[in-house]
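Keep the 3D view open as you read.

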Amino acid sequence: MARIVYYVASSIDGFIAGQNDDISDFAVGGKGVDKYLADLQKFTTVIMGRRTYEFGYQFGLEPGQPAYQHMEHFIFSDSLKIEKMAETVHIEKLSIDRVKEINRSAETDVYLCGGGEFAGWLLDNGLIDQLKLKLNPIILGDGVRLFGNSKTKAKWNLKETETFDEGLKILTYEIDK
């Protein structure tokens, strides 16, 4: 069965965005970012929450269009309404069973794209299998937490560490089940 992989940029202090969703301090280029972009090509399915999907609007994403052209999109929201949607974009009600169904039917591992609150909800429900942190050498002090407001405790096993010249590290963890 496919794994759900939370592949996300993080500051040293555990934020995936600063105040007001500011991501300007995160690395935008270099070999670490190139590796991340190449890794994304291996996924054919992406899941995300509404805020993450709408975050893309400020970077030119049109409502209803895919953020990643080669992936089937499942946006989990009880409130998002879009009239005209691409065939590869689906809005789903927040449902553990639906996440499990998408995971079972995926041809590759499932990319969990951003979203601290959604990631926290998935963590709370035991649905994240792998964590790939693009650890940036920055401290933000405030903003969007890696797992939102989740208070779930989890033990992760470090499987791989990749270090890049710009100070970025990609840390791969498997959940200890």
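Which strands and which helix do the buried residues of H3 pack against? The model here is a predicted one, and in it the buried residues of H3 pack against strand S1 (4–10), strand S3 (45–49), strand S4 (72–76), strand S6 (110–112) and helix H4 (116–124).

Helix H3 spans residues 96–105, and its buried residues are Val99, Ile102 and Asn103. These residues sit on the same side of H3, because they cover an arc of only 100 degrees around the axis.

Now for the strands. An open sheet of eight strands runs in the order S5-S4-S3-S6-S1-S7-S10-S9, and its pairing is mixed. Strand S5 (89–92) and S9 are the edge strands, each pairing on one side only. On average, neighbouring strands of this sheet are turned by 20 degrees against each other, with direction ignored. H3 packs on this sheet, where it touches S1, S3, S4, S5 and S6. The direction of H3 makes about 170 degrees with that of S4.

Strand S9 (residues 156–163) and S10 take the antiparallel sense, with seven bridges between them. S9 and S10 form a hairpin with five residues between them. In the turn of this hairpin, Gly167 has a positive phi of about 90 degrees.

**His73 in strand S4**

His73 has its place in strand S4. Is His73 buried or exposed? With a relative accessible area of 0%, His73 is buried. A polar atom of the His73 side chain lies 2.9 Å from the backbone oxygen of Met71. Leaving aside residues up to four places away in sequence, His73 touches Val46, Met48, Pro66, Ala67, Tyr68, Thr88, Val89 and His90.

**Salt bridges**

How many salt bridges does a search of the whole structure find? The search finds nine.

| Pair | Closest N and O atoms |
|---|---|
| Glu174 and Arg3 | 3.1 Å |
| Glu92 and Arg98 | 2.9 Å |
| Arg98 and Glu101 | 2.7 Å |

Take the pair Glu174 and Arg3, joined by a salt bridge. Glu174 lies in strand S10 (residues 169–175) and Arg3 in the segment before S1, so the pair ties together parts that are 171 residues apart in sequence. Glu174 is buried, at a relative accessible area of 18%, while Arg3 counts as partly exposed at 30% relative accessibility.

Arg98 forms salt bridges with Glu92 and with Glu101. Glu92 is buried, with a relative accessible area of 13%, whereas Arg98 is partly exposed at 22%. Arg98 and Glu101 are three residues apart in helix H3, and about one helical turn separates them. Glu101 is partly exposed too, with a relative accessible area of 40%. Elsewhere, salt bridges that share partners join Lys35, Asp39, Lys42 and Glu162 into one network.

**Asp25 in a loop**

A last stop is Asp25, found in the loop between strand S2 (15–17) and helix H1 (31–40). Asp25 is partly exposed, with a relative accessible area of 48%. Which residues does Asp25 touch, not counting those up to four places away in sequence? The contacts of Asp25 are with Ile138 and Leu140. From Asp25 to Ile82, the separation is 57 residues in sequence and 31 Å in space, C-alpha to C-alpha.

Conventions: Residues numbered from 1 in each chain as written. Predicted model: local features only at pLDDT ≥ 70, side-chain atom pairs only at ≥ 80, totals over all residues. Heavy atoms only, no water. Buried < 20%, exposed > 50% of the residue type's maximum accessible area, 1.4 Å probe, protein only. Helix = DSSP H or I, 4+ residues; strand = E, 2+ residues; numbered from the N terminus. Arc of directions from axis to C-beta. Contact = heavy atoms within 4.5 Å. Salt bridge = Lys/Arg side-chain N within 4 Å of Asp/Glu carboxyl O. Polar contact = N/O pair within 3.5 Å; in protein donor to acceptor, adjacent residues only side chain to side chain. Pairing = 2+ DSSP bridges. Axes fitted to C-alpha atoms, helices over the stretch in contact; angles between N-to-C directions.
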